Amino acid sequence: PCLAYTLAQVYGVESDLSEVARRGSGSACRSLYGGFVEWQMGERADGKDSIARQVAPESHWPELRVLILVVSAEKKLTGSTAGMRTSVETSPLLRFRAESVVPARMAEMARCVQERDFPGFAQLTMKDSNQFHATCLDTFPPISYLSDTSRRVMLLVHRFNAHHGRTKVAYTFDAGPNAVVFALHDTVPEFVAAVRHCFPPESNGDKFLKGLPVPPVPLSDELKAALDVDPTPGGVKYIIATQVGPGPQILEDPRAHLLGPDGLPKPAA
């Protein structure tokens with residue numbers, strides 16, 4: 001999306017860019033808008049109506065937080081583009097999902113976002129993530145993007161919710177092992193403490209949490225007992241705490257971006 005947006009700025013293009021960005025990466029078309037965005041499948045054979053539309057702006061649900069649990073920085077055994085191509089060719093479940101499941105779920109997800117229905121949003125997010133990974137296993141040869149740590153995070157989320165008697169956090173995984181966890185802002189401190197309990201930082205305790213500040217809170221003995229896990233030190237490398245944000249931005253201040261005066265990436269600090 002960054003490349004498509006930048007080229008459009010250079011050449012003065014003002015039309016919808018999501019169809020152009022989609023040609024480079026399907027999911028990239030969604031990033032041309034801020035907030036909550038739907039990628040519409042479209043019906044035309046040339047794909048020109050397969051575009052993104054904004055369901056709600058980033059200001060719509062200010063209490064929503066996003067936690068990215070980084071569990072591995074290793075190169076994936078199967079790339080997402082090649083994996084999806086193989087799934088389309090070999091997975092009957094993927095065809096059923098696309099034709100019979102996704103359209104209704106997309107409509108329901110838009111409703112949950114518009115009404116700020118967190119339990120509905122959270123449960124649908126987890127169910128859809130699980131079904132996506134089921135299509136990966138239904139692919140032949142099968143693809144497995146999730147790791148043991150990914151599955152431990154899933155268990156942590158379900159036990160956390162069961163302890164509270166309602167859905168307070170949700171996970172989703174794309175074509176990789178890292179977890180994206182959604183929660184409302186007042187749930188984040190306790191869930192981060194639960195992650196620290198289950199995945200104690202090995203050596204970067206002071207840098208384990210990046211992004212938005214999260215106040216430390218003690219974990220109750222009751223929740224520790226409900227989680228019922230043997231800690232996995234270093235299983236989660238670090239957490240990025242963030243929130244729903246805007247679309248592409250033009251940075252006027254040269255100190256705010258990652259390129260130096262020569263147009264090359266700045267060296268790491």
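A: Axes here are lines fitted to C-alpha atoms, for helices over the stretch in contact, and angles run from 0 to 180 degrees between N-to-C directions. The model is predicted.

Start with the setting. The protein chain has 8 helices and 7 strands. Of its 269 residues, 36% are buried.

Now the pair. Helix H4 covers residues 92-114, and helix H5 covers residues 118-138. They pack at an angle of about 165 degrees. Their axes lie 11 Å apart. Angles over 145 degrees count as roughly antiparallel, so H4 is roughly antiparallel to H5. The crossing of H4 with H5 is left-handed.

Next, the residues that meet. H4 brings Pro 92, Leu 93, Leu 94, Arg 97, Val 101, Arg 105, Glu 108, Met 109, Cys 112 and Val 113. H5 brings Gly 120, Phe 121, Leu 124, Thr 125, Lys 127, Asp 128, Gln 131, Phe 132, Ala 134, Thr 135 and Asp 138. By type, this H4 with H5 contact holds 11 nonpolar, 4 polar and 6 charged residues.

Finally, zoom in on one residue of H5, Gln 131. Its relative accessible area is 17%. Buried means under 20%, so Gln 131 counts as buried. Set aside neighbours within four places in sequence, and Gln 131 is in contact with Arg 97, Val 101 and Arg 105.

Conventions: Residues are numbered from 1 along each chain as its sequence is written. This is a predicted model: local features need pLDDT of at least 70, side-chain atom pairs count only at pLDDT 80 or more; totals for chains, interfaces and linings use all residues. Side-chain values use heavy atoms; hydrogens and water are left out. Helices (H or I, at least four residues) and strands (E, at least two) are DSSP runs, numbered from the N terminus. Buried means under 20% relative accessible area, exposed over 50%, partly exposed in between (1.4 Å probe, protein chains only). Angles under 35 degrees count as roughly parallel, over 145 as roughly antiparallel, 65 to 115 as roughly perpendicular and the rest as oblique. A crossing is left-handed if the near helix is turned anticlockwise from the far one by less than a right angle, and right-handed if clockwise. Contact means heavy atoms within 4.5 Å. Ala, Val, Leu, Ile, Met, Phe, Trp, Tyr, Cys and Pro count as nonpolar, Asp, Glu, Lys and Arg as charged, and the others, Gly among them, as polar.
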